[in-house]
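I opened a new page to look up helix packing, pockets and cavities. These are my entries, in the order of looking.

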Amino acid sequence: MKPRNLTRIVITGFMGAGKSSVARELARLLHDSFVDLDDEVTRAEGRTPRELIDEEGEPYFREAETRALRAALEEGTARVIALGGGAVSCAATRELLARRNCLTIWLDAPFESCWQRIAEDDARPFARDRETARRLYEERRKFYSLADYRVEIGAGRSIESVTSEIREVVRSRND
Ligand code: S3P
């Protein structure tokens, strides 16, 4: 596929913040496509993030995640990319985002609403109990805050309202 020069819109934030849903809706509004990095990792590695983390450990998974992001940015055509919640904790991934033409958006959702979603399934090895998830949530804020733009996700805020705020940011950057 032909690489694109257009700014990629990269959605970051903690597990359960709503990254994939927002990315999907934003792509729809922009009449463009999106990819979810967890899905890209699964496709490339033949195992889910949970399997990779449990079977190979976190460093292996982070390398696979960085590779998948590089491929999405260099060879993929999707305009909107939803990262996994821990992607920006990896220096190589942060460097990649800084070097490529990316507008990074942090979905800053309260811990409680993230936790509610996390607790619904067993897919997140780094958040198997509330206290571990809470600690990670606090530790990672310094990485999320490096994003170009922060969207505050108050309780009950709709996906439509979040995506239209992001669309305005994209518009204001004349992209
Ligand atoms: C992770 C978040 C997950 C997935 C993996 C690791 C993390 O993605 O990439 O389980 O380190 O926070 P979501 O944020 O989409 O759940």
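Before the helix pair, I noted how its angle is taken: axes are lines fitted to C-alpha atoms, for helices over the stretch in contact, and the angle between N-to-C directions runs from 0 to 180 degrees. I also noted that the model is a predicted one.

**Helix pair**

I looked up helix α3 (residues 49–56) against helix α4 (residues 58–74) and found an angle of about 140°, with the axes 7 Å apart. That makes α3 oblique to α4, because an angle must be over 145 degrees to count as roughly antiparallel. I then listed the contact residues: α3 contributes Pro49, Leu52, Ile53 and Glu56, and α4 contributes Glu58, Tyr60 and Phe61. By class, this contact of α3 with α4 has 5 nonpolar, no polar and 2 charged residues.

**Whole chain**

I counted 8 helices and 5 strands in the protein chain. I read their order along the sequence as β-α-β-α-α-α-β-α-β-α-α-β-α. The radius of gyration of the chain is 15 Å, close to the 16 Å from the globule rule for 175 residues, so the chain is as compact as a globular protein of that length. I noted the box filled by the C-alpha atoms along the principal axes as roughly 40 × 35 × 25 Å.

I put the volume of the largest pocket at about 770 Å³. It has 43 lining residues, and those closest to its centre are Met15, Gly16, Ala17, Lys19 and Arg124. I found at least two lining residues from each of α1 (19–29), α2 (37–45), α3, α4, α6 (111–118) and α8 (159–172). Helix α1 gives the largest share, 4 residues. I sorted this lining into 18 nonpolar, 12 polar and 13 charged residues.

The second largest pocket holds about 240 Å³. I found 12 residues lining the second largest pocket, with Glu40, Arg43, Ala71, Ala72 and Gly76 the closest to its centre. Helices α2 and α4 each supply at least two residues of this lining, and α4 has the largest share with 4. I sorted the lining of the second largest pocket into 7 nonpolar, 2 polar and 3 charged residues.

**Cavity**

I searched the whole structure and found 1 cavity of 30 Å³ or more. The largest cavity contains about 40 Å³ of space. I listed its lining as Phe14, Trp106, Leu107, Asp108, Ala109, Tyr137, Arg141 and Tyr144. The elements giving two or more residues to this lining are β4 (102–108) and α7 (130–144). I classed the cavity lining as 6 nonpolar, no polar and 2 charged residues.

Definitions and conventions: Residues numbered from 1 in each chain as written. Predicted model: local features only at pLDDT ≥ 70, side-chain atom pairs only at ≥ 80, totals over all residues. Heavy atoms only, no water. Parallel < 35°, antiparallel > 145°, perpendicular 65-115°, else oblique. Contact = heavy atoms within 4.5 Å. Nonpolar A, V, L, I, M, F, W, Y, C, P; charged D, E, K, R; others polar. 1 Å grid on protein atoms, 1.4 Å probe; cavity = no way out; pocket = protein on both sides within 12 Å on 5 of 7 lines; lining within 4 Å. Points joined across faces, edges and corners; volume = space filled by probe spheres on them. Rg over C-alpha atoms; globule rule 2.2 N^0.38 Å.
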